[in-house]
Amino acid sequence: MRIGVFCSGGDAPGMNACVRAVVRRAISSGHEVVGIQRGYQGLLDEDFYLNADREPRMRLRTVSGWSRQGGARLRSSRCPAFRTEEGLAKAAGILDKHGIDALIPIGGDGTFRGAVDLLRHWDGRVVGCPGTIDNDLIGTDFTIGFSTAVQTAVEAVDKIRDTAESHERMFLVEVMGRHSGYIALYTALACGAEGVCIPETFTDVGSIAEQLKVLEQRGKTSVMIIVAEGDERGGAAALQRALNELGQPSATRVVVLGHLQRGGCPSPEDRILASRLGDFAVTALREGASGVMAGVSAGINSLTPLQDTFTLHKELPAELLELLETLAM
Ligand code: F6P
């Protein structure tokens with residue numbers, strides 16, 4: 001088998017560890033791996049990783065040290081051309097021309113939507129690996145990159161808490177998560193935040209203002225609210241404006257963590273998950289699987305139809321939301 005591997009969409013810490021596992025598992029079982037650079041855009045541009053002999057083939061040593069490296073060594077991109085029938089047909093032709101039988105895309109829901117569309121034009125097989133900091137894909141307890149992103153956000157929020165306490169202030173800290181509150185909820189719980197605003201629940205500014213008064217009466221001198229960028233009120237700055245209108249002091253500060261959360265060395269959890277999933281994706285392809293995403297749920301490897309990853313919403317654990325509310329006293 002000649003397997004094409006690539007990273008697509010937002011980069012996530014651990015993507016390199018996943019590529020490393022794909023390369024090592026595939027070569028050790030007698031297969032070849034072509035590294036496609038810059039995701040679907042690179043496929044359309046025939047931008048393949050070239051080894052020292054200028055061949056489009058990854059070697060065992062190509063991926064040395066990749067498990068500890070952040071970012072995407074194969075580069076990543078978002079590719080509008082892949083949403084057109086012409087783009088998809090062109091990609092299918094390029095894959096056939098280069099004798100690629102199977103693909104392992106590492107990315108999120110947009111990546112897997114692209115893969116499903118491609119399979120309408122192409123006769124090869126696809127097993128995806130979940131690589132996104134958002135942890136918004138069903139079929140796996142965690143996605144590659146989520147653990148590191150939460151760790152990064154927690155370190156930042158802990159530092160902001162020092163300033164919040166020194167100045168007896170409230171901070172609204174915005175974290176990533178366009179359609180999902182996972183990063184916000186986990187960060188809030190880990191940091192002992194007083195509140196979390198996420199797309200999955202209605203953000204009632206009136207009751208937040210009430211809760212702030214209660215907390216003040218109980219002697220709280222600093223307040224930290226974690227806001228997912230995808231919260232229906234429009235993020236931390238919008239929440240600040242709404243709270244100000246209800247009489248909250250303008251001394252409240254907003255911090256947007258942004259792309260800081262996507263970089264950095266992957267955590268041990270992300271490295272291990274990525275290694276497991278890259279290995280499992282190759283095994284699944286060898287056993288004939290296609291149109292599925294490799295995941296780990298409750299410690300067990302599992303395959304989920306790619307279609308489900310972008311049509312079904314991954315629920316947040318309600319008990320963790322409740323726990324946050326209970327502890328934020
Ligand atoms: O999907 C990962 C993610 O980091 C989201 O949390 C965020 O909304 C988005 O990517 C940002 O994408 P870009 O880097 O293309 O602006």
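This is a predicted model: local features need pLDDT of at least 70, side-chain atom pairs count only at pLDDT 80 or more; totals for chains, interfaces and linings use all residues.
Colleague: Why are helix 7 and helix 8 called roughly perpendicular to each other?

Modeller: The axes of helix 7, residues 205–217, and helix 8, residues 236–245, come within 10 Å and cross at roughly 70°. Angles of 65 to 115 degrees count as roughly perpendicular, and helix 7 and helix 8 are therefore described in that way. The crossing of these two helices, helix 7 and helix 8, is right-handed.

Colleague: Which residues make the contact of helix 7 and helix 8?

Modeller: Helix 7 brings Val205, Ile208, Ala209 and Leu212 to the contact, while helix 8 brings Leu239, Ala242 and Leu243.

Colleague: How do you know into which classes, nonpolar, polar or charged, the residues of the contact of helix 7 with helix 8 divide?

Modeller: Ala, Val, Leu and Ile are among the residues that count as nonpolar, and the contact of helix 7 with helix 8 accordingly has seven nonpolar residues, with no polar and no charged ones.

Colleague: What makes up domain 1 and domain 2 of the protein chain?

Modeller: Domain 1 takes in 2–145 + 266–311, and domain 2 takes in 146–263. The centres of the two domains, taken over C-alpha atoms, are separated by 34 Å, and their contact takes 18 residues from domain 1 and 15 residues from domain 2.

Colleague: What area is buried between domain 1 and domain 2?

Modeller: About 1300 Å² is buried between domain 1 and domain 2, and carbon and sulfur atoms give 51% of this area. On the side of domain 1, Ile133, Asp134 and Asn135 lose the most area to domain 2, together 38% of what that side buries.

Conventions:
Residues are numbered from 1 along each chain as its sequence is written. Side-chain values use heavy atoms; hydrogens and water are left out. Axes are lines fitted to C-alpha atoms, for helices over the stretch in contact, and angles run from 0 to 180 degrees between N-to-C directions. Helices (H or I, at least four residues) and strands (E, at least two) are DSSP runs, numbered from the N terminus. Angles under 35 degrees count as roughly parallel, over 145 as roughly antiparallel, 65 to 115 as roughly perpendicular and the rest as oblique. A crossing is left-handed if the near helix is turned anticlockwise from the far one by less than a right angle, and right-handed if clockwise. Contact means heavy atoms within 4.5 Å. Domain bounds come from an automatic or database domain assignment. Buried area is the accessible area (1.4 Å probe) that two parts lose on being put together, summed over both.
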